Amino acid sequence: PKLRQLAELRSLVLAGDRDGIVRFGDGIASDPALPVYHSRTYGTQRTGPEWSALPDGHPGRPGGKRSQKKKRAAVTAISDTTGQR
């Protein structure tokens, strides 16, 4: 769907259809799949290495998989109480 959306947006831009561009943006913004896509790509469900450029506490910084994040959180909680990792 992403390539189709990009092709549709391109045709609207090339045609100079400002109202069509606004309708297109409204349609994408109201798509219920957008928050899931965002979370998987940039947020709490993002896989991959830590993004150290993001500030501490940012939901997308840790990377990894949710199970890895839960394990990290448990290890951190234990280390906070015992002083060991």
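How many salt bridges does the count come to? In this predicted model, the count comes to 1 salt bridge. The two partners are Arg4 and Glu8, whose side chains meet at 3.8 Å, taken from N to O. This pairing falls inside the 4 Å limit between a side-chain nitrogen of Lys or Arg and a carboxyl oxygen of Asp or Glu, and is therefore counted as a salt bridge. Side chains of opposite charge can pair when their charged atoms come close.

The setting of this pair is helix H1, which covers residues 2-15. Because Arg4 and Glu8 are 4 residues apart in helix H1, about one helical turn separates them. As for solvent, Arg4 counts as exposed, at 53% relative accessibility, while Glu8 is partly exposed, with a relative accessible area of 33%.

Attention now turns to helix H3, which spans residues 33-41 and contains Tyr37. With a relative accessible area of 40%, Tyr37 is partly exposed.

Is Ser39 buried or exposed? Ser39 has 14% relative accessibility and so counts as buried, the limit for that class being under 20%. Once its neighbours within four places in sequence are left aside, Ser39 is in contact with Thr44, Gln45 and Arg46.

Key: Residues are numbered from 1 along each chain as its sequence is written. This is a predicted model: local features need pLDDT of at least 70, side-chain atom pairs count only at pLDDT 80 or more; totals for chains, interfaces and linings use all residues. Side-chain values use heavy atoms; hydrogens and water are left out. Helices (H or I, at least four residues) and strands (E, at least two) are DSSP runs, numbered from the N terminus. Buried means under 20% relative accessible area, exposed over 50%, partly exposed in between (1.4 Å probe, protein chains only). Contact means heavy atoms within 4.5 Å.
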